[in-house]
Amino acid sequence: VTAQWVLGYCLEFGTEFAAGLSEDKTEALMWYRSAADQGHADGHCTLEWCYERGLGVAKDPARAVELYWKSAEQGHAGGQFNLGWCFENGEGAAKDLNHAAQLYTDQGSVSSSGALSEGAEQGHAGGQLGLCFSR
C-alpha cells in the first residue's frame, strides 16, 4: 500500500522525484485513491490535498474535509493540521476558529471514538505553530 502512495507521489511531481517519470496528476490521483481505499493514512491525506487544490480532480473542498477527517482519525498529524486549516479559513467547512484551535492543539477530539495523537507532539511544524498561537 505504501508503494502505491509513493508511486502516486512520484507521478504527481514527475522527474523532480523520479528520474524519467513524467508528471501525471490524474494517474497520481488514481494511486493515492487506491492507497486511501486500503486505509493508508498518507493516502487519505494526499488525496484530500488533491481535492482541496483541484489536482487531477475537480476542486471540491467539502470532499477534502471528509477525507481530512479520515486521516486525522488515524492520527495523521498532517491530516489533523489540514483539517484545522479548513475550519480556520472556512474552506470546505463552516469557519470555526475554536474548533481549528482544538485541532491544532488536540484539546478535543475529531471523533466520538476518542482523542487524536497531538499534531504538535508528532513533530508537525504547523501543529507546533498552532500550539504557540493558542496560548
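The structure is a predicted model, in which local features need pLDDT of at least 70, side-chain atom pairs count only at pLDDT 80 or more, and totals for chains, interfaces and linings use all residues. Residues are numbered from 1 along each chain as its sequence is written, and side-chain values use heavy atoms, with hydrogens and water left out.

The protein contains seven helices and zero strands. Helices (H or I, at least four residues) and strands (E, at least two) are DSSP runs, numbered from the N terminus. Along the sequence the pattern reads α-α-α-α-α-α-α. Of the 135 residues in the protein, 42% are buried. Buried means under 20% relative accessible area, exposed over 50%, and partly exposed in between, with a 1.4 Å probe and protein chains only. Contact means heavy atoms within 4.5 Å. Among contacts between residues at least 6 apart in sequence, 42% join residues at least 24 apart.

The expected span of a helix is 1.5 Å times one less than its number of residues. Trp 5, Gly 8, Cys 10, Leu 11 and Glu 12 are the buried residues of α1. They pack against α2 and α3. Gly 14 follows α1 and has a positive phi, near 65°.

Two packed helices are described by the angle between their axes and the distance between the axes. Axes are lines fitted to C-alpha atoms, for helices over the stretch in contact, and angles run from 0 to 180 degrees between N-to-C directions. Angles under 35 degrees count as roughly parallel, over 145 as roughly antiparallel, 65 to 115 as roughly perpendicular and the rest as oblique. The axes of α1 and α2 lie 8 Å apart, at an angle of about 160°. The two helices are therefore roughly antiparallel. The crossing of α1 and α2 is left-handed. A crossing is left-handed if the near helix is turned anticlockwise from the far one by less than a right angle, and right-handed if clockwise. Residues of α1 in this contact include Trp 5, Gly 8 and Glu 12, and those of α2 include Ala 28, Tyr 32 and Ala 35.

The loop between α2 and α3 holds His 40. His 40 is buried, with a relative accessible area of 12%. Leaving out residues up to four places away in sequence, His 40 touches Val 1, Thr 2, Trp 5, Ala 35 and Gln 74.

Helix α3 covers residues 41-53. Its 13 residues should span 18 Å at 1.5 Å a residue, and its end C-alpha atoms are 18 Å apart, which agrees. The buried residues of α3 are Gly 43, His 44, Cys 45, Thr 46, Leu 47, Glu 48, Cys 50, Tyr 51 and Glu 52. Their cover includes α1 (2-13), α2 (25-37), α4 (61-73) and α5 (77-89). Gly 54 follows α3, with a positive phi near 75°.

Helix α3 also packs with α5, at an angle of about 25° and with axes 10 Å apart. That makes the two helices roughly parallel. Their crossing is left-handed. Cys 45, Glu 48 and Glu 52 of α3 meet Gly 78, Gly 79, Asn 82, Trp 85 and Cys 86 of α5.

Cys 86 is part of α5. Cys 86 is buried, with a relative accessible area of 1%. Apart from neighbours within four places in sequence, Cys 86 contacts Glu 52, Val 65, Tyr 68, Glu 91 and Ala 93.

The axes of α5 and α6 come within 8 Å and cross at roughly 165°. That makes α5 roughly antiparallel to α6. Contact residues include Leu 83 and Phe 87 of α5, and Leu 97 and Leu 103 of α6.

A nonpolar core is a set of buried Ala, Val, Leu, Ile, Met, Phe, Trp, Tyr and Cys residues joined through side-chain atoms within 4.5 Å. The largest has 22 residues, of which Tyr 32, Leu 47, Tyr 51, Val 65, Tyr 68, Leu 83 and Phe 87 touch the most other members. Helices α1, α2, α3, α4, α5 and α6 (97-105) each give two or more residues to this core. Beyond four places in sequence, Tyr 32 touches Trp 5, Gly 8, Tyr 9, Glu 12, Gly 43, Thr 46, Leu 47 and Cys 50.
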